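Notebook open, model on screen.

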Amino acid sequence: MNHRLITFGDVSRFYGEVLGINRVNLAIPPGITSLVGPNGSGKTTLMNLMTGLIRPTRGDIRVLGVRPDDPEQLGRIVGYCAQFDAFPKGLTGYQFLHSFLRIRGMNEAECAQRTAAALQTVNLTGAAERPVAAYSKGMRQRIKLAQAIAHDPQVLVLDEPLNGLDPMARAETIALFQQWGAAGRHVIVSSHILHEVDRISDQVILLSHGYVVAEGQIQGVRSEVKDQPMQILVRCDHPNALAARLFLQNHVVEAKIHPDGRGLLLRTTDADEFYLMLNRIVLETDLTVESVAPADDDVNSVYQYLIGGEGGTV
Amino acid sequence: MNRLWFAQIAGVIRLEWKKTFLSRRGWWVYLLALAPVAIALMHSLISLRFAARRPHTVFQDAQAFAVAFEAFFLHLGIFFGCIGIFSNLFRGEMLEKTLHYYFLTPMRREFLVIGKYLAGLIVALVLFLLSTGLTFWLMGRHQGAAWSDFFWHGPGLAQMGWYLLVTALACIGYGAVFLIAGLFVRNPMIPAAVVMVWENLNPFLPSLLKQISVIFYLKSLCPVTVDVPPPLSVLVTDTNPAPAWIAVPGLLLVSTLVLAYAAYSARRAEINYSE
């Protein structure tokens, strides 16, 4: 049993006849892990399973070695910012955080200190004494986040945590995620804002219809998608000449001159062979290459290839 | 139980009071509980004013309280008060989608059930014990020295003690029943209606069925017997009241068993707000 991983062993969850997730096997290391998938793909089910709010129909789950059906242990190491935009009635932001810390058994002084710290982290100190019911959508999102982090958990599970946040708060929140991830914590994030997921994730888990369709670092996931030619952008001074040479190769299926005339966007079925050939071309001709970079090894593109929908490619 | 468990239960009680019982939502229960106090006060004031026109004895006042206690406190006040207090402890959280906050805390779910039950029970006991005591006291207060004599030197104090015990047992028993109803049933008013019909039919049920109810044991403990008035009285089946040594521990045992099952169920419960 690995005490540094969140593991799912052949986990399935059904809601009556309806499939939540099926035969999921995962080993999630520390860092920021993004769950990506369309509505109903099983993201929330996966999160609810690892936080013990629901139980698997089949299979075994361990969160840093703890079974989710052991709330006394799990609650100490996990913080969950759930999707529900609901709060106990009649409480101020301060009371909301403080009350649930008291239920954890902490003493008054520790609760007060942790509450103040959590409020400060999410920039809600000024609104602490206002009722949560009077908060804006963004403030409610932040107070949920504060409640999830107040006890300093090792594992943070965040269901659409960027929803309702303004750009400034979004940037601050992403910076927090990165800080927690860098500190060796597990930060599990579901989000439909793919470009932001792409920017912050150490690894991604792509879900579709209850199945994990891909997992790992995004570049690795992209390279596994063999049926979609890799897109590569080459910035150079003679893209026409380069295109002419490349079209002689079987593995290059498409090449487009960049609109600014100083680059070539191509699609190849064999990226390794392409890079070797590009080296040869550079040596043999007077072509000056400024940069070579994959153009579709981001979450957006991978999402598009594996799941389809709104994910845009270059 | 160790100190952490006590601290967690105390934390649940504090939070429940803060968000439910000290809020505007709980007002109707307070009004329900204190209504008989107001009626008893009115009775006292009217009797003082019209004492000459409608004279009555302290024993008639004690009998009037017995009728009011059975008809109002047992069948309506405590019953509906407990529905309001206990059935929402879990069901209210599910409807408002806030139960997951509790489920994510590192506490045994059994203690969550105990904490919520105790929060409700303390409120119910304070309200209804206060209401029963005050109503009893005010019912004959206009009799002056005669009531004081009845209370301190006659059967008054003992009667009030029994009524308070019955009130407490009613809160404990109905509290447990409605807490578990709130855990299992989407609309707790349905089991509440079934229980109410069953409890109200109690005098007319055969002896064996009578004993499968809360009200039978509560009535057995009441110090003054209240007969069903004619013509319904012909339908009443005679059954010996349960002795106190059975009724009191019996009700406590049944309540404990119900709570134990609620705790077991909470341990296995999942969050599924769309259910």
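Before starting: I take axes as lines fitted to C-alpha atoms, for helices over the stretch in contact, with angles between N-to-C directions running from 0 to 180 degrees. I also keep in mind that this is a predicted model.

**Entry 1: α2 and α6 of chain B**

I looked up the pair formed by α2 (residues 27–49) and α6 (residues 109–139) of chain B, and got an angle of about 5° with the axes 8 Å apart. Angles under 35 degrees count as roughly parallel, so I put α2(B) down as roughly parallel to α6(B). On the α2(B) side I noted contact residues including Val29(B), Tyr30(B), Ala33(B), Pro36(B) and His43(B). From α6(B) I listed, among others, Leu127(B), Phe128(B), Ser131(B) and Met139(B). Sorting this contact by class gave me 13 nonpolar residues, four polar and no charged.

**Entry 2: α3 and α8 of chain B**

Next I checked α3 (residues 58–86) against α8 (residues 156–184), again in chain B; they pack at about 25°, axes 8 Å apart. They are therefore roughly parallel to each other. I scored the crossing of α3(B) past α8(B) as right-handed. Among the residues α3(B) brings to the contact are Phe69(B), Phe73(B), Phe79(B) and Phe86(B). α8(B) answers with residues including Tyr163(B), Tyr174(B), Gly175(B), Phe178(B) and Gly182(B). My class tally for this contact reads 15 nonpolar, four polar and no charged.

**Entry 3: is α3(B) bent or straight?**

I compared the end-to-end span of α3(B) with what a straight helix would give. Its 29 residues would reach 42 Å at 1.5 Å a residue, but the end C-alpha atoms are only 36 Å apart. Looking along the helix, I found a kink of about 50° centred on Phe73(B).

**Entry 4: chain B against chain A**

Then I moved to the contact between the chains, which takes 26 residues from chain B and 26 from chain A. Which helix of chain B gives the most to the side that touches chain A? I found α1(B), with nine residues. The side of chain B that touches chain A splits into eleven nonpolar, seven polar and eight charged residues.

**Entry 5: α3(A) on α1(B)**

Last, I zoomed in on α3 (residues 93–103) of chain A, which packs on α1(B) at about 150° with the axes 7 Å apart. That pair is therefore roughly antiparallel. Gln95(A), Ser99(A), Arg102(A) and Ile103(A) meet α1(B) residues including Gln8(B), Gly11(B), Arg14(B) and Lys18(B).

Notes. Residues are numbered from 1 along each chain as its sequence is written. Chains are lettered from A and ligands numbered from 1 in the order in which they are written. This is a predicted model: local features need pLDDT of at least 70, side-chain atom pairs count only at pLDDT 80 or more; totals for chains, interfaces and linings use all residues. Helices (H or I, at least four residues) and strands (E, at least two) are DSSP runs, numbered from the N terminus. Angles under 35 degrees count as roughly parallel, over 145 as roughly antiparallel, 65 to 115 as roughly perpendicular and the rest as oblique. A crossing is left-handed if the near helix is turned anticlockwise from the far one by less than a right angle, and right-handed if clockwise. Two residues are in contact if their C-beta atoms, placed from the backbone, lie within 7 Å. Ala, Val, Leu, Ile, Met, Phe, Trp, Tyr, Cys and Pro count as nonpolar, Asp, Glu, Lys and Arg as charged, and the others, Gly among them, as polar. The expected span of a helix is 1.5 Å times one less than its number of residues. The bend at a residue is the angle between axes fitted to the seven residues ending there and the seven starting there.
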